[in-house]
Amino acid sequence: MASSSSSSSSSSASDGMVMLLPVLLFAVVLVDSSQGYVFFAGGRDGWVLNPSESYGHWAERNRFQVNDSIVFRYEKGEDSVLVVAKKDFDSCNLSHPNRRFADGDSRFEFERSGWFFFVSGAPGRCEAGQKLVVVVMAVRRPRWPPVSAPPSLSPTPVLPPAASPPSETSDPATPPASAPSPSPKASARPPAFPPIPTGETSVPVLSPAPGPSESAATAGAGDHSGKWMLRIATLVVGIMIFI
């Protein structure tokens, strides 16, 4: 029972260390970045008149950033370090330095990015080449990936308003359309008789239509004669058969 409890406690402790490891690494990186690096001017030779490696070459192979520091080591009382402007650096003017160090172990911190110019404060050494230019790089912040913009929606086409019909009074110069004149009505019935020519006195006489009694009598007589003819023909045919 005791062994199981001890093993569980050791496993939980190891898990806790694993979880704290990234936090510790991140804290170390933050402290290191805030403190920066320390560079020694001229390498192992220090701040001297004729170093084994030129100051220009030494500065080119190093990368300086904000919060880094540079240390100048030299013989106290015999030399010094002056921070000057560019025009004074080019002309080796030592009368108006921005800062001056003479303690033999001088440290200068780069609090900003840009160009920094250092010369020796001993007479004649700047002209002999004991001067240094340091370029401090700008602070590089982490770049987050760009956020993609939402797809743009195509605008809904706006239709022009429908044209309203012209008002009757909109154009006073346009005369109103006249209504069509009614056409004369044609006579409902043709004349019963043709017109009488001028100069003629004779009136046409129409023959009277046969009456109904006469037509019926004529039709009845025809039917009667037809029946007699059919009988006579039947009789003749029968006599001829017997003969």
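Mentor: In this predicted model, a residue is called buried under 20% relative accessible area, exposed over 50% and partly exposed in between, with a 1.4 Å probe and protein chains only. Local features need pLDDT of at least 70, side-chain atom pairs count only at pLDDT 80 or more, and totals for chains, interfaces and linings use all residues. Residues are numbered from 1 along each chain as its sequence is written, and side-chain values use heavy atoms, with hydrogens and water left out.

Trainee: Why is F89 called buried?

Mentor: F89 has a relative accessible area of 9%, and the limit is under 20%, so F89 counts as buried. With contact meaning heavy atoms within 4.5 Å, F89 touches residues including V84, F117, C126 and L132, when residues up to four places away in sequence are not counted.

Trainee: What makes S69 buried?

Mentor: The relative accessibility of S69 is 2%, which is set against the limit of under 20%, and therefore S69 is buried. S69 lies in strand β3, residues 69-73, where a strand is a DSSP run of E with at least two residues, numbered from the N terminus.

Trainee: Why are β1 and β6 called edge strands?

Mentor: The open sheet has three strands in the order β1-β3-β6, with mixed pairing. Both β1 (38-40) and β6 (105-109) pair on one side only.

Key:
Helix = DSSP H or I, 4+ residues; strand = E, 2+ residues; numbered from the N terminus. Pairing = 2+ DSSP bridges.
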